[in-house]
Amino acid sequence: MELYVYYILFATVMLFAVVATLLVGMSKKNREGNPQYDQRTKGNWSRLTWIYIAVILLGYAALIVYIVQSNS
């Protein structure tokens with residue numbers, strides 16, 4: 001398989017995760033179930049941002065290791 005296919009798959013999974021997280025976080029059911037959520041948005045967004053940064057960096061590292069090992 002070509003290298004660009006891995007990049008496309010990785011970007012697709014990452015984009016899906018971002019959209020799904022936003023949909024769940026902003027859903028009406030979530031707001032009704034936890035009204036405190038809207039009052040703590042700064043902390044929620046900052047934690048979520050750090051989680052995404054860590055996962056993206058680890059994902060890229062895993063992708064690079066996989067590509068390097070598959071080419072050797």
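Modeller: Start with the surface, and keep in mind that the model is predicted. L3, Y4, Y7 and I8 form a nonpolar patch there. Together they have about 420 Å² of accessible area.

Biologist: What makes Y7 partly exposed?

Modeller: Its relative accessible area is 42%. Y7 is found in helix α1, residues 3–25.

Biologist: How many aromatic pairs does a search of the whole structure find?

Modeller: Two. Y6 and Y66 form an edge-to-face pair.

Biologist: Why is the pair of Y6 and Y66 called edge-to-face?

Modeller: The centres are 5.5 Å apart, and the limit for pairing is 6.5 Å. The angle between the planes is 70°. Edge-to-face needs over 60 degrees, so the label holds. Y6 lies in helix α1 and Y66 in helix α3, residues 41–71. The pair therefore ties together parts that are 60 residues apart in sequence.

Biologist: Why does Y6 count as partly exposed, not buried?

Modeller: Buried means under 20%. Y6 has 21% relative accessibility, so it counts as partly exposed. Y66, with 41%, is partly exposed too.

Biologist: What makes the pair of F10 and Y60 tilted?

Modeller: The ring planes of F10 and Y60 are at 50°. Stacked needs under 30 degrees and edge-to-face over 60, so this pair is tilted. The ring centres are 4.8 Å apart. F10 lies in helix α1 and Y60 in helix α3, so the pair links parts 50 residues apart in sequence.

Note on methods:
Residues numbered from 1 in each chain as written. Predicted model: local features only at pLDDT ≥ 70, side-chain atom pairs only at ≥ 80, totals over all residues. Heavy atoms only, no water. Patch = residues over 30% accessible without salt bridge, like charges linked within 9 Å, V, L, I, M, F, W, Y side chains within 5 Å. Areas by Shrake-Rupley, 256 points an atom, 1.4 Å probe, with all protein chains shown as cover. Salt bridge = Lys/Arg side-chain N within 4 Å of Asp/Glu carboxyl O. Helix = DSSP H or I, 4+ residues; strand = E, 2+ residues; numbered from the N terminus. Buried < 20%, exposed > 50% of the residue type's maximum accessible area, 1.4 Å probe, protein only. Phe/Tyr/Trp six-rings, centres within 6.5 Å; stacked < 30°, edge-to-face > 60°.
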